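Morning, everyone. Please look at the model on the screen while I talk.

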Amino acid sequence: MAKKKPARKHVKAQHKPISARERNKLHQMTRLVYSWRYIDHARAEAGDPIADKHHGFNLLAIATQEKIEAAYTVATSTPRHWQAIVIAYVREGEGEYRNWAWVKTQSPIVAAGDGITPLLAQANDIALEGLEENDNCYARATIMAPFDANHPIRPDRYAARLQSRLALTKDEVLALAEWDEPETMEVDAENLDLALAKALSEEDSA
């Protein structure tokens, strides 16, 4: 009579705890997180999906997708200062120009969910300042990233990475290096278009 095979033991996989060195490295990587979104208004109103190259998140460093996602999750789910750059793409008669805004949070926020919406709403309001009645804002773009006053990363560095994705010229990217400091968010909820800002901030995986 054949012997029964012993039953296999199911051993749960044990996740190796993260070391202090790895935790510190991950914290450093959160400073390098950034996300972007470009919305063409006509295509959005028609229900067309946003092209992959026009939204996502990444790091200003070489890293695996797993590390990028981990850094992004930590950055957006823990309180910290954030900065937002909003670009309004405007047609004026036969010409075209860009209106820019650069705003940072007054106090640390949790950016996940709707946490970053007030910052984006204020940046959006600033980007639309000065538009004439006949000007056509046909698209908008946003860049969002943590803001570290001790080790600031300026808008031109993000814009250089996203130049083709956001349809920017080299001169536009170089001009950002001349900006002084971002404006600080001062929220007046009654004057903010929170619905639009929420649409601009909705992120999907790169």
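P118 is partly exposed, because its relative accessibility is 27%. The cut-offs are these: buried means under 20% relative accessible area, exposed means over 50%, and partly exposed lies in between, with a 1.4 Å probe and protein chains only. P118 sits in helix 4, residues 117–127. Helices here are DSSP runs of H or I with at least four residues, strands are runs of E with at least two, and both are numbered from the N terminus.

The model is predicted, so local features need pLDDT of at least 70 and side-chain atom pairs count only at pLDDT 80 or more, while totals for chains, interfaces and linings use all residues. Residues are numbered from 1 along each chain as its sequence is written, and side-chain values use heavy atoms, with hydrogens and water left out.

Stay in helix 4 for N124. Is N124 buried or exposed? N124 is buried, because its relative accessible area is 2%. Its side chain makes a polar contact with the side chain of R140, at 2.7 Å. A polar contact is a pair of N or O atoms within 3.5 Å; within protein, one must be able to donate a hydrogen and the other to accept it, and residues adjacent in sequence count only if both atoms are side-chain atoms.

Next, charges. Side chains of opposite charge can pair when their charged atoms come close. How many salt bridges does the structure hold? Three. The rule is a side-chain nitrogen of Lys or Arg within 4 Å of a carboxyl oxygen of Asp or Glu.

Take D148 and R31. Their closest N and O atoms are 3.4 Å apart. D148 is in the loop between strand 5 (136–146) and helix 5 (155–161), and R31 is in the loop between helix 1 (20–30) and strand 1 (33–40), so this pair ties together parts 117 residues apart in sequence. D148 is partly exposed at 25%. R31 is partly exposed too, at 27%.

Now R98. It meets E96 in a salt bridge, 2.6 Å from N to O. E96 is partly exposed at 43%, but R98 is buried at 18%. R98 also forms a salt bridge with E172, with the closest N and O atoms 3.6 Å apart. That pair links distant parts of the chain: R98 in strand 4 (residues 95–104) and E172 in helix 6 (residues 170–176), 74 residues apart. Shared partners join E96, R98 and E172 into one network.

On to the core. In soluble globular proteins, nonpolar side chains tend to be buried together. The largest nonpolar core here has 50 residues, and those touching the most other members include W82, I87 and Y89. Such a core is a set of buried Ala, Val, Leu, Ile, Met, Phe, Trp, Tyr and Cys residues joined through side-chain atoms within 4.5 Å. Strand 3, residues 82–92, gives the most to this core: eight residues.

Finally, confidence. pLDDT is the predictor's confidence in each residue, from 0 to 100. The chain's mean is 82, and 78% of residues reach 70 or more. Over residues 9–15 the pLDDT is below 50, and beyond near neighbours in sequence this stretch has zero contacts in the model. Contact means heavy atoms within 4.5 Å. Where pLDDT is low, the predicted coordinates should not be read in detail.
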